[in-house]
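Keep the sequence and the 3D view open while reading.

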Amino acid sequence: MSARIAGLLAWCKDNAISIDPRLKIIESEDDAGITVLATEVIAPQTSVVQIPKNSVLSRRTCRFAGVINAAFEVQHLDLDEPNLWLSLVLLTELSQGTHSRWHGYLQSLPPSPVPLASFWPEDRDDIETEKDSKLACAWTRGTEVERLIQHEDVLPKLREFYISTVTPTLKKLELAPVSFRRFCYAYSLVSSRAFHIDAYHGIAMVPIADAFNHVEENQVHFESDYHVCPTCGSFDQCEHDEQDDQPSRASNPTTFKSSSEDDTCEMVTNSPIHPDTEVFNTYDSSAPNSKLLVHYGFMLEANSNDVVSFAISELEEWLEGLNETPMEALDDDEGLLRGLGASDLFFEVEQDENSKSGGENSSARFAINAEGVVSKRLFTLLVLRNMWKVQQNGEQRWPASDFFDWLRHSARLLFTLFTSIVSALNAAEDDEDDDGPPPTPIDDSSFTRETYVVALGICSDIDHLCIQKLKQLGPVDVGWGTDWGEILDVGAGGSSMAMPVVSYVADHVPISYRLLLRRSQELEWPSPMQ
């Protein structure tokens, strides 16, 4: 056992942190992080780690809580970001060295900054980033990583907070000045490791809980009772409950615990854990690789949460081509597609508050996911665009009321057609290794010529979107025939940071409906000109 791990475990014992004996804490292969292994079978619903809340590092528990909380109370609203304040807390404790109550824990943290993608755009001496961060940043051009970095714009906030709050607070505490680079180091640890504890602590550094690495299919999860008094942290009724500005806790059945119960955070198993395997947590079960790179400094080799979104500016020409009638239908995409049931043709986009408010960020609703499936909003736009083209090019011009009826009818025909093709494709893939008869041709008796024209138009449009997106990605011109292996060897130049980002870009390339079009022709889908 290394001195670093031994120091951490000794500190945990001194601070009443309980670790299941069937868990083994070891150094990671890169010697910078920590890995948790299971030595025996552990059943689901087992609490394997218990951390008293007075052992987490937050602005409530830190050595300089009085001064920091006083500054927090008069904070500027623009700097009301928990990560910034916890970074200040961590910075002050790190400055205390062995005199910090959390030294045994702090000495186990990575000695270098976590390579958050948020830091990559900067080429400055006051930010400690990997030498190849500039190359890695170039490879994020046109990706969701670049979009998220630009949207969050973290570095200006860090600088403002460093100047307005960190420097004067350290001076008031009579601590030695700390460089902006050192503050960014603290922020990288907070961004990649902090947990949300409760209404009193807010977010905090949680020893041992942060040692579990991330996967989508995790075996353990973090639990903490959130509903406590935000003023004193009490589970029991307290004097602050009578104050008008305090949120009610009466509706929460877990609020009023016995005062004899331990006030702890826990890591609890949610699936069986087998011996001699690593035990994983999930930092965010719905996080795509873009979020993992920006907030945590790593990515998964395959991430089912990845999407490729299209900005409003990329669709502007198409949107402008629709007049008020189809635009109303686009705004009512639920009405157009209602009753079609579950489908492999489109997926629902979970919207955050920012995307609900409209603007450029609402473009996330126009997206293609990791399976090559378009979002419902994008599917609706493509259906409307191509139906409108058919209507405009045809001899018959429907009044608005009849046009909506035709839209709904045609959308259902398209749904049936595409569903038939997907089913046939799946059957063809299953039969690829068999010498049996070819797949049964699609029964086209119910489909009109317009149905095929619209379907082909949708395929062509998605193909166009994908090609345009490919042209935006990375520092080199990539296309459908791109040799990603060669780019990894030559373009990334063996860069430890750029190589995974290039892999991300390769995964970012969406699966175009071009494949659907090509295979549908193989499956004897009649030409619209027949």
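Which residues form one aromatic cluster? They are F72, W85, F161, Y162, F180 and F183. This is a predicted model.

**Rings and charges.** F72 also has a charge over its ring: the charged end of R59 sits 3.7 Å from the ring centre. R101 lies over the face of W102, at 4.5 Å from the ring centre.

**Aromatic pairs.** The whole structure holds 11 aromatic pairs. Among them are these two:

| Pair | Centre to centre | Angle between planes | Geometry |
|---|---|---|---|
| Y283 and Y296 | 5.1 Å | 35 degrees | tilted |
| Y296 and F298 | 6.3 Å | 55 degrees | tilted |

Y283 lies in the loop between β11 (280-281) and α9 (289-296), and Y296 lies in helix α9, so their pair ties together parts that are 13 residues apart in sequence. Y296 is buried, with a relative accessible area of 15%. Y283 is partly exposed at 24%. F298 is partly exposed as well, at 25%.

**Cysteines.** How many disulfides does the structure hold? The count is zero. C62 is buried, with a relative accessible area of 5%. C184 is buried too, at 2%.

**Serine 108.** S108 is found in the loop between α4 (103-106) and α5 (133-139). Is S108 buried or exposed? S108 counts as buried because its relative accessibility is 3%, below the 20% cut-off. A polar atom of the S108 side chain lies 2.5 Å from the backbone oxygen of Y105. Beyond its neighbours within four places in sequence, S108 is in contact with R4, L8 and I34.

How values were computed
Residues numbered from 1 in each chain as written. Predicted model: local features only at pLDDT ≥ 70, side-chain atom pairs only at ≥ 80, totals over all residues. Heavy atoms only, no water. Disulfide = S-S within 2.5 Å. Buried < 20%, exposed > 50% of the residue type's maximum accessible area, 1.4 Å probe, protein only. Helix = DSSP H or I, 4+ residues; strand = E, 2+ residues; numbered from the N terminus. Polar contact = N/O pair within 3.5 Å; in protein donor to acceptor, adjacent residues only side chain to side chain. Contact = heavy atoms within 4.5 Å. Phe/Tyr/Trp six-rings, centres within 6.5 Å; stacked < 30°, edge-to-face > 60°. Lys NZ or Arg CZ within 6 Å of the ring centre and 35° of its normal.
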